Every structure is written in structure tokens, then in C-alpha cells.
Amino acid sequence: MRGITRTLVTAALGAGLLLANGWGASAAPAANEPSAQDLAAAAQVADTPSVRATLGKFFQADPKNSSTGGLSSTGGAPGLDAEIAVAPRPVPVYQLAKDFVAGKSQAPGSLAYVAVPANCGACGATATLWTVRDERGSWQVGNIASGDRERQFADKLPQGAYLLQEPQIDAWYAVHGDTVRRLDGDGASVSVADYQRAVAAKYGDKQADSNYAQRGQAGGYGYAAPTTEGSSLPLVLVLLGSLLVIGFGSVFLRRKA
């Protein structure tokens, strides 16, 4: 009986070690997952008079919004902010986690920003506010991007899934349990383990402090230019007041819708 008991205890300890190392365990949802209070705070800072005024200038300056006539000489957008609606439903956006690439974590994504969509009734345009935590832990608006890709992708997520971006190739995925499914391509699905092997092969030697990063190639392990929608210089809000680092030292990109 003692031998059986010892065998059972050894097996239980072994199983515990396997789970602790990620083997046989379901994938962790994500790193730095925001709470309901975080999402509410992100939505709140995105819907203020000063942000609406900045959005008005953004929509007016965007050359795609011909009805607004371009930015005026005073830089203002009289009355336009009254036509702006900021959506109350924020979208958490996760980016490929460096610990996942390095095989140190089973969580594919780490929170990068919370996207808050906005639209302009007068010009029929959409934009997305990227809200991030500052160094004090408070939520701030860090960037405005044309279009509302995040909301569109979020609408495709199954219940319980989260939105993951692989910024190096500007690819978007739904992470659901042990499955990673492409949202902006052919819809192919792979297991989390297979996805981890794939990204480790692609980016494992391009992490921070690697020779690749030290040579300054593509900014190290940061953003690559989007392959499908292009990019331009960022419009970073004056509201931010300090440089915010997202992901692994990536830069903000303003998308062209």
C-alpha cells in the first residue's frame, strides 16, 4: 500500500510540474488583461471635450474627408466636435508577447492598448483612439488612427476570445482557448503550441538585446510597416505629455483606412 501511495504522490507531483511549465495546460488568456474598471476608465478618458476637439481637427485634416475641406488656417474645426460620437464599447488589443516568443510563457498576447472607436456624423469618417496606461497607471489617449479595424475584428471574435495582433506582419488573430485563428487572411487555425513554434522560428533571434536589435534592423523587435494598409507619420496627441512605450519598444503608426 505504501508503494502505491508513493507512486500516486509522485505522479501527482509530476503532473503539477508539467502544468507549471505549460505542458498539458490550456493557454493562459493573456498577459496584463484589463479589468472592467480599466475598460471603463479607458472609455472615459477617450470621451472628453478636449479629445473631441482633437478628433475634430483630426477628421478635418484627413485628406480622405473631402467634405471637411482640410485643416483651417486657425487649426480649428468649428462645430465639428459636436458631430463626433465616441463608442462606449472599448476593445482590448493584445500584441504578440515576447515571453511567448521566447518560450517562457503560454500566453500569446500581452495588452498593448485599448481601442475606443469614434465616428464623425458630418463627414462619415471613423477613427480609433488608442488608450494606454501612463507611468502612474492612469489611462491616457496616446494616438489617433484612421478607421476602426479593431472594432471590426472584435465583432468577429467568438465568445471568450481576445484580439491579438502580430505587429511584425500586421496580422490579426482570435485567440480562443488553445486555438489561434487568422481574422484578416484565410481564416486558418492553429494550436497555440504550433503558433508558438512558428513565431519562435520567425522572431526568436530578434528579441531585445539580440544582435538583430543591436544592429538597429527594423527597430529590433518592434513594428514593421503594415503590408496591407500602409502607414504614415503618427498623429500623437498633445494630451499624452510623455512618451509611452507599447509592446517591445514599438512606435505608433497611423493607419490609412
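Colleague: Which exposed residues sit on the face of α2 turned away from its buried side?

Modeller: That face carries Ala36, Gln37 and Gln44. Exposed means over 50% relative accessible area, buried under 20%, and partly exposed in between, with a 1.4 Å probe and protein chains only. Helices (H or I, at least four residues) and strands (E, at least two) are DSSP runs, numbered from the N terminus. Bear in mind that this is a predicted model, where local features need pLDDT of at least 70 and side-chain atom pairs pLDDT 80 or more, while totals for chains, interfaces and linings use all residues. Residues are numbered from 1 along each chain as its sequence is written, and side-chain values use heavy atoms, with hydrogens and water left out.

Colleague: Thanks! And which residues of α2 are buried?

Modeller: In α2, which spans residues 36-46, they are Asp38, Ala42, Ala43 and Ala46. These four cover an arc of only 135 degrees around the axis, so they lie on the same side of α2. The arc is taken from the directions that run from the helix axis to the C-beta atoms.

Colleague: What do the buried residues of α2 pack against?

Modeller: Look for contacts, meaning heavy atoms within 4.5 Å. Here the partners are helix α3 (49-61) and the strands β1 (84-86), β3 (109-120), β4 (125-133) and β5 (139-146). Thr131, a residue of β4, shows this well: among the residues it touches are Ala42 and Ala46, along with Val45, Val116 and Trp139.

Colleague: Is Thr131 buried or exposed?

Modeller: Thr131 is buried, and its relative accessible area is 0%. Its side chain reaches the backbone oxygen of Val114 at 2.7 Å.

Colleague: How should I read the strands around β7?

Modeller: Start with pairing: two strands pair if DSSP finds at least two bridges between them. β6 (residues 162-166) and β7 run antiparallel, joined by five bridges, and Gln165 stands opposite Trp172. Four residues separate these two strands in their hairpin, where Asp170 in the turn has a positive phi of about 55 degrees. On to β8 (residues 179-182): four bridges join it to β7, again antiparallel, with His176 and Thr179 as bridge partners. The hairpin of β7 and β8 has two residues between the strands, and Gly177 takes a positive phi near 65 degrees.

Colleague: Why is β7 largely enclosed by the rest of the structure?

Modeller: Because five of its six residues, 171-176, are buried.

Colleague: How many aromatic pairs does the structure hold?

Modeller: Six. Rings of Phe, Tyr and Trp (its six-membered ring) pair if their centres lie within 6.5 Å; planes under 30 degrees apart are stacked, over 60 edge-to-face, and the rest tilted. Phe58 and Phe59 are edge-to-face, 5.9 Å centre to centre with 70 degrees between the planes, and both are buried. Tyr173 and Tyr195 form a tilted pair, at 5.2 Å and 55 degrees. Tyr173 belongs to β7 and Tyr195 to helix α6 (residues 192-203), so this pair ties together parts 22 residues apart in sequence.

Technical notes. Polar contact = N/O pair within 3.5 Å; in protein donor to acceptor, adjacent residues only side chain to side chain. Lists of a residue's contacts leave out its neighbours within four places in sequence.
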